[in-house]
Amino acid sequence: MFRAVFRLSATGARSLARSQQCRFAPVASRCYSHGKVESDEEFDARWVTYFSKPDIDAWELRKGMNTLIGYDLVPEAKILDSALRACRRLNDMASAIRILEAIKDKAGPHKDIYPYLIQELKPTLAELGISTPEELGMDKL
């Protein structure tokens, strides 16, 4: 039964292809999304809201950070502040350290980005009792 349907569909597709003649050279076109472009402030607000959810669980925290790190950017300090506060609500210090390590790695060769973010996050880190990887000696491993 399946063979018969396949044979009929293949024959129909061949006859359809033969009946249409190409009179013009194909034109390369790109189909881009026509959706609204998100501004930087809206992007930041979306992620701050995501990490500020009172019922966020550890899986959602990791999923959000993996998605955020996957973008071609280094997150703003206010997004990281919200993520670190989510780590504290979950009592997940390992994730907090991983976030800081990921930001250091994400900054890459730009040596001024990570110290700037640590400087901006210093009050939050002190308030939450989170040590940086450098304070823990993890940068020497």
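Guide: The protein has six helices and zero strands, where helices are DSSP runs of H or I with at least four residues and strands are E runs of at least two, numbered from the N terminus. This is a predicted model, with local features needing pLDDT of at least 70 and side-chain atom pairs pLDDT 80 or more, while totals for chains, interfaces and linings use all residues. Residues are numbered from 1 along each chain as its sequence is written, and side-chain values use heavy atoms, leaving out hydrogens and water.

Visitor: What percentage of the 141 residues is buried?

Guide: Buried residues make up 26% of them. Buried means under 20% relative accessible area, exposed over 50%, and partly exposed in between (1.4 Å probe, protein chains only).

Visitor: OK, packing. At what angle do H2 and H3 cross?

Guide: Roughly 160°, with the axes of H2 (residues 40–51) and H3 (residues 58–70) coming within 10 Å. Axes are lines fitted to C-alpha atoms, for helices over the stretch in contact, and angles run from 0 to 180 degrees between N-to-C directions. H2 and H3 are therefore roughly antiparallel (over 145 degrees; under 35 is roughly parallel, 65 to 115 roughly perpendicular, the rest oblique).

Visitor: Which residues of H2 meet H3?

Guide: Phe43, Trp47, Tyr50 and Phe51. On the H3 side, they meet Glu60, Leu61, Lys63, Gly64, Met65, Thr67 and Leu68, contact meaning heavy atoms within 4.5 Å.

Visitor: What cluster do ring pairs make?

Guide: Ring pairs link Phe43, Trp47, Tyr50, Phe51 and Tyr71. Rings of Phe, Tyr and Trp (its six-membered ring) pair if their centres lie within 6.5 Å; planes under 30 degrees apart are stacked, over 60 edge-to-face, the rest tilted. The count by that rule is six aromatic pairs. One of them is Tyr50 with Phe51, edge-to-face at 5.2 Å centre to centre and 85° between the planes.

Visitor: And is Phe51 buried or exposed?

Guide: Phe51 counts as buried, at 0% relative accessibility. Tyr50, at 21%, counts as partly exposed.

Visitor: Switching over: how far apart are the axes of H4 and H6?

Guide: They are 10 Å apart, and H4 (residues 77–89) packs on H6 (residues 113–128) at about 25°. That makes H4 roughly parallel to H6. Residues making the contact include Leu80, Leu84 and Arg88 of H4 and Leu117, Leu121 and Glu127 of H6.
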